[in-house]
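Hi,

I hope they are handy when you open it in your viewer.

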Amino acid sequence: MTAQAQAQTQAPVPADLAARFGREGYLCPLQGIGSERAAEATACVARLEAAGSGRLPYFLRAKPHLLVPLFWDIVHDPAILAPVRAILGEDLLCYGSSFIDKRPGDGQHVAFHQDTTYWGLAEDVAVTAWIALTPSTPDTGCVRVLPGTQEHILAHTDSDDPTNMLGRGEKLASDVDESLAVDLCLAPGEFSLHDGRIIHGSHPNRGTQRRLGFAVRYIPAGLGLREGAKGSATLVSGLAPAAPAQGQGFSLELRPESEMDPAALRRHRAIFRAGMETIMRPRSEGEPT
């Protein structure tokens with residue numbers, strides 16, 4: 001561990017952090033993996049792209065930490081986990097991770113939405129850590145949140161917009177007042193946290209450099225899945241209960257032995273399929289749509 005990482009690990013979490021997160025639904029910026037490690041992660045993504053068609057294959061955008069040890073380690077990074085523990089408690093699971101990549105001028109955006117709407121969790125309790133690997137600014141299409149909107153889950157609808165980066169093309173069914181949105185600007189290696197229920201989205205990349213982020217979804221280990229949903233998770237802190245307090249339990253995921261290890265690829269294929277089935281499944285009665 002570098003001296004910078006050790007200093008970040010040992011730094012106390014402010015006592016009011018959880019209270020501030022509870023009021024506003026987000027925290028930004030936070031010191032995370034540092035610029036050198038962000039550059040290492042960006043180079044790793046470039047190497048994975050070069051091994052294929054020059055773009056990340058679709059499956060590698062979902063839970064890449066199960067295929068690349070570097071990202072498994074970032075998911076477990078003490079600097080990332082410390083504030084998440086302050087919010088969710090000591091026993092934590094990583095429910096998912098993903099690369100969120102916008103190239104200059106590609107028109108890709110994220111419609112305003114709430115994260116947990118389609119995740120199939122027994123309760124909508126989750127925190128997303130958004131880790132910047134390259135600069136995330138208004139010009140490059142950074143995350144924008146509407147503070148304090150995490151109190152209620154709102155209706156969503158699916159769109160046929162090919163530039164909407166979300167899995168179902170989902171978006172809020174109602175319009176939002178963008179004048180209230182706050183830009184979550186991040187330098188490489190910094191991260192933000194946002195509540196899984198806060199309204200957020202992002203504009204296209206109108207800058208001159210790539211905006212690459214690594215989003216990690218954390219939930220309390222005592223939380224399970226709704227009936228009919230499928231999923232697995234990575235234990236990142238504390239203990240996972242034999243049976244969750246709410247919902248069906250998760251099977252626990254394994255660290256890849258090496259980058260794109262064949263055994264890890266086989267496991268990931270089944271995990272990816274189950275995750276897509278959960279995201280695309282029809283809403284059950286009483287769930288928001």
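Pro29 is part of strand E1, which covers residues 26–31. The peptide bond between Cys28 and Pro29 is cis, with omega at about -5°. Please keep in mind that this is a predicted model.

Next, the pair H2 and H5. Helix H2 spans residues 17–24 and helix H5 spans residues 78–88; they pack at an angle of about 70°, and their axes are 8 Å apart. Angles of 65 to 115 degrees count as roughly perpendicular, so H2 is roughly perpendicular to H5. On the H2 side the contact is made by Leu17, Ala18 and Phe21, which meet Pro83, Ala86 and Ile87 of H5. Sorted by class, this contact has 6 nonpolar residues, no polar ones and no charged ones.

Within H5, the buried residues include Ala79, Ile80, Leu81, Pro83, Val84 and Leu88. Just after the helix, Gly89 takes a positive phi of about 105°.

In soluble globular proteins, nonpolar side chains tend to be buried together. Here the largest nonpolar core has 37 residues, and the members that touch the most others are Phe71, Ile131, Leu133, Leu193, Phe214 and Tyr218. Helix H3 (residues 35–50) gives this core its largest share, 5 residues. Another core, of 12 residues, lies apart from it; among them are Tyr95, Trp119, Ala126 and Ile219.

Which residues does Tyr218 contact, leaving aside its neighbours within four places in sequence? They are Ile74, Val75, Ile80, Leu81, Val84, Leu88, Leu93, Cys94, Ala126, Val127, Ala129 and Val236.

One of those partners, Val127, lies in strand E4 (residues 127–132). Is Val127 buried or exposed? Its relative accessible area is 1%, and the cut-off for buried is under 20%, so Val127 counts as buried. Not counting residues up to four places away in sequence, Val127 touches Phe21, Ile87, Leu88, Leu193, His194, Val216, Arg217 and Tyr218. For a sense of distance, Val127 and Gly207 are 80 residues apart along the chain, and their C-alpha atoms are separated by 28 Å.

Ala50, in helix H3, has a relative accessible area of 63%. The cut-off for exposed is over 50%, so Ala50 is exposed. From Ala50 to Leu252 the separation is 202 residues in sequence and 31 Å in space, C-alpha to C-alpha.

**Loops**

Arg103 sits in the loop between strand E2 (92–102) and strand E3 (110–113). Its side chain is joined to that of Asp101 by a polar contact of 3.2 Å. Setting aside residues up to four places away in sequence, Arg103 touches Glu49, Gly54, Arg55, Asn205 and Arg210.

Asn205 is also touched by Thr140, along with Lys102, Pro135, Pro204, Gly207, Gln209 and Arg211, again not counting residues up to four places away in sequence. Thr140 is placed in the loop between E4 and strand E5 (143–145). With 3% relative accessibility, Thr140 counts as buried. The Thr140 side chain reaches the backbone nitrogen of Thr137 at 2.9 Å.

Two backbone angles may be worth a look in your viewer. Lys63, a residue other than glycine, has a positive phi near 50°. Lys63 lies in the loop between H3 and helix H4 (69–75), and at 12% relative accessibility it counts as buried.

Met260 is not a glycine either, and its phi is positive at about 55°. Met260 is found in the loop between strand E13 (251–252) and helix H6 (262–280). At 24% relative accessibility, Met260 counts as partly exposed.

Terms used
Residues numbered from 1 in each chain as written. Heavy atoms only, no water. Axes fitted to C-alpha atoms, helices over the stretch in contact; angles between N-to-C directions. Helix = DSSP H or I, 4+ residues; strand = E, 2+ residues; numbered from the N terminus. Parallel < 35°, antiparallel > 145°, perpendicular 65-115°, else oblique. Contact = heavy atoms within 4.5 Å. Nonpolar A, V, L, I, M, F, W, Y, C, P; charged D, E, K, R; others polar. Polar contact = N/O pair within 3.5 Å; in protein donor to acceptor, adjacent residues only side chain to side chain. Core = buried A, V, L, I, M, F, W, Y, C linked by side-chain atoms within 4.5 Å. Buried < 20%, exposed > 50% of the residue type's maximum accessible area, 1.4 Å probe, protein only.
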